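Student: I am new to this structure and would be grateful for a close look at one part of it, namely its salt bridges. Which residues do they join, and where do the partners lie?

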Amino acid sequence: MTETVALVTGATRGTGRGIAVQLGAAGATVYCTGRTTRQGRSEMDRAETIEESAELVTAAGGKGIAVRTDHLVPEQVKALVERIDSEQGRLDVLVNDIWGADHLWSWDTPVWEHDLDKGLRLLRLALDTHLITSHHALPLLIRRPGGLVVEVTDGTAGFNATRYRNSIFYDLAKTAVSRLAFAQSHELRPHGAAAVSITPGFLRSEMMLDNFGVTEENWRDAIAHSPTFAISETPAYVGRAVAALAADPDRMRWSGSSLSSGELAKEYGFTDVDGSRPDVWRWIEEVEEGGKDADPADYR
């Protein structure tokens with residue numbers, strides 16, 4: 001993948017950073033975008049920056065390039081894609097991972113009680129950003145056959161289809177992103193490009209570790225408070241899933257599909273950083289919902 005050029009949006013932290021770094025580990029040039037830089041933070045008010053992500057990409061073996069971009073502003077996205085075209089002349093992988101809306105939704109709050117402005121902004125951050133980015137980036141991606149678009153969401157299409165995701169706004173956002181991948185797969189197919197949606201499992205992102213009051217070194221301490229945390233995974237796991245897809249010459253077979261990191265780990269044979277293969281979605285269905293008596297180790 002030494003010639004691969006990727007754009008990973010929302011690469012500041014979490015899934016986006018994990019994907020960017022693993023594409024870098026495969027030798028790709030990765031443009032890392034987000035709103036938080038060393039000069040200023042987004043409304044998320046987190047410490048992680050796109051410069052750090054780009055440096056991690058380079059340290060992993062690729063070439064990381066940080067570009068501050070607000071993907072709700074079409075002019076900024078257009079300028080970003082023009083820069084990639086000018087500097088690289090190609091785009092092979094587009095990862096739409098823009099989110100930044102964790103502070104905007106309320107668990108188990110009906111729509112008539114939910115803050116409307118926050119809910120509508122959540123949808124703009126989750127959907128408009130992806131559409132704006134694809135609108136500007138796909139003409140460059142389809143210039144050469146073999147391109148890949150990855151839409152990052154929470155939950156597979158099948159899992160989300162029969163389960164309420166705790167908030168109407170969150171539910172709509174995460175189900176719609178999977179549909180975006182499906183729709184784009186139809187538009188891209190005549191150009192020899194693929195589009196998929198992908199979900200991590202129970203992600204040990206920087207924010208999630210903070211929420212549980214643990215670090216990556218002692219994350220197992222949180223299992224006492226949340227048994228499902230035993231099936232959690234690092235951002236590198238879904239990153240390796242995307243890297244495997246990008247390196248697969250037969251990736252068109254997946255186009256239009258809704259995938260998970262655990263599913264692709266079985267297909268491609270990669271593991272998380274500890275050598276395990278977590279599959280929290282199967283754990284939820286079989287153990288939490290199905291009542292099966294099982295050892296968490298059997299699901300990683």
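Tutor: What follows describes the salt bridges and the places of their partners. The model is a predicted one. A search of the whole structure gives 26 salt bridges.

Consider the pair formed by glutamate 206 and arginine 17, whose side chains meet in a salt bridge at 3.8 Å, N to O. This pair links distant parts of the chain: glutamate 206 belongs to helix α7 (residues 206-212) and arginine 17 to helix α1 (residues 14-25), 189 residues apart. Both glutamate 206 and arginine 17 are buried.

Another salt bridge joins arginine 163 to glutamate 289, with 2.7 Å between the closest N and O atoms. Arginine 163 is found in the loop between α5 (157-161) and α6 (168-188), while glutamate 289 is in the segment after α10 (280-288), so the pair ties together parts that lie 126 residues apart in sequence. Glutamate 289 has a relative accessibility of 46% and therefore counts as partly exposed.

The side chains of arginine 253 and aspartate 248 also meet in a salt bridge, at 2.8 Å, N to O. Here the two partners fall into separate classes: arginine 253 counts as partly exposed because its relative accessibility is 39%, whereas aspartate 248, at 8%, counts as buried, the limit for that class being under 20%. Elsewhere, salt bridges with shared partners join Lys266, Asp279, Arg282, Glu286 and Lys292 into one network.

Technical notes. Residues numbered from 1 in each chain as written. Predicted model: local features only at pLDDT ≥ 70, side-chain atom pairs only at ≥ 80, totals over all residues. Heavy atoms only, no water. Salt bridge = Lys/Arg side-chain N within 4 Å of Asp/Glu carboxyl O. Helix = DSSP H or I, 4+ residues; strand = E, 2+ residues; numbered from the N terminus. Buried < 20%, exposed > 50% of the residue type's maximum accessible area, 1.4 Å probe, protein only.
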